[in-house]
Amino acid sequence: MEPIHIEEVQKQLDRLANKEVYVHLETTNGAYASHFNENAYNVGAFIRNAKVNYLHGKIVGDNGTYRVGLKLDIGWVYAEGVNQWELDEQDRLLMAGHDREGRLMVALEISEQPFKN
Amino acid sequence: MIDLEKHVVVIYPHPDDEAFGASGTITQFRQKGIPVTYLCGTLGEMGRNMGNPTFANRETLSDFRKKELIDACKVMDVELRMLGYRDKTLEFESRDEIAQHLKKILEEIEPSLVITHFPGHAVHPDHNAMGAAAIEAVRLMNPDSRPKVWAQAISHDHVKLFGEPDVINNVKPVFDQKMRTIMAHRSQAQGVLGSMNGNAESAANMEEVAKERLGYESFYTWKFD
């Protein structure tokens, strides 16, 4: 993955709008958060292969950290903290935010085909 | 502690659980010529560590980890079977179905010892779920042909609750091999070792920290009934 290039990502968000797409959305601080730090609290959520059709998507942010919002007919998809992106060989838009040690903290991915289960 | 077993089966959910938790013990069994089979529940699809610097992403991670798992098993010289569950979801699957799945494999291999996680005391929900299913699988077997079970606890309070584990293996004599097994998990090793000690910057330092933290592998012999 590469540091987010906001114009390039926006182009891909536009390409994937107004069609049936599959979304992987995830955030986590890891299953060991409270094991290594008793003051920490484990949180995480993921949705794999949510089928949506968004009206428009937008990436906003600066200083290397970005937010992405997808406006749906009846709601929103939102991710904060993505800082890297990639258009993979299957033309899937992968975005993620990693901490300094390279650990994934948040991911938002959009694909025209379902992600591998 | 390393008796002449007939066959040892290790049951953990993630590629690298075997490396950090039991690769020293596994090596000691293999040195005595005892066959070892690793039943690995998932491919660690939802792991946070993507390599450092990152080289994997959420969609490619499982391919990397599968290869790392195969490499680690080559280092340990053990048979590998991948069970095909998905990372983070084991506790939501039917425990009975997983137990039946495991029981079928155990009845085929007929091990004399099973190593798994101590349910409820293994920190990660997948560890707890896989350990519970493994112990249920053995419980369902004919008591006359049940293997022994060594259950590994990771929680901070297990010694307070249950006393010292009855099996404590000093694996420092085979630590080079344990470290090679850990390092075979290229996408995970540095991140996991780093979270044990944030100051371990150099490789040598990291190995020292690892030896301190991982030089003993301990288990509770499970009591059925």
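**Reading strand pairing, cores and the chain contact**

User: In this predicted model, in what sense do β5 (residues 65–72) and β6 of chain A pair, and over how many bridges?

Analyst: Strands of a sheet pair through backbone hydrogen bonds, either parallel or antiparallel. Here β5 (residues 65–72) of chain A and β6(A) pair in the antiparallel sense, over seven bridges. One residue pair to look at is A:L72, whose bridge partner in β6(A) is A:G75.

User: Which strands make up the open sheet, and in what order?

Analyst: The open sheet has three strands of chain A, ordered β4-β5-β6, with antiparallel pairing. Its edge strands are β4 (54–62) and β6 (75–82) of chain A, each of which pairs on one side only. From one strand to the next, the twist averages 10°.

User: How many residues are in the largest nonpolar core, and which have the most contacts inside it?

Analyst: A nonpolar core is a set of buried residues joined through C-beta atoms within 7 Å. The largest one here has 51 residues, and B:V10, B:I11, B:L102, B:V114, B:I115, B:A133 and B:A134 have the most contacts inside it. Helix α4 (residues 125–139) of chain B gives the most to this core, eight residues. Leaving aside residues up to four places away in sequence, B:L102 touches B:I11, B:L39, B:A133, B:A134 and B:A137. There is also a second, separate core of 25 residues, which includes A:V82, A:L94, A:A96 and B:F64.

User: How many residues of chain A and chain B are in contact?

Analyst: 20 residues of chain A are in contact with 16 residues of chain B. On the chain A side, the elements giving two or more residues are β2 (21–28), α2 (33–36), β8 (93–98) and β9 (104–111). By class, that side has nine nonpolar, six polar and five charged residues.

Methods: Residues numbered from 1 in each chain as written. Chains lettered and ligands numbered in written order. Predicted model: local features only at pLDDT ≥ 70, side-chain atom pairs only at ≥ 80, totals over all residues. Contact = placed C-beta atoms within 7 Å. Helix = DSSP H or I, 4+ residues; strand = E, 2+ residues; numbered from the N terminus. Nonpolar A, V, L, I, M, F, W, Y, C, P; charged D, E, K, R; others polar. Buried ≥ 20, exposed ≤ 12 C-beta atoms within 10 Å, placed from the backbone. Pairing = 2+ DSSP bridges. Axes fitted to C-alpha atoms, helices over the stretch in contact; angles between N-to-C directions.
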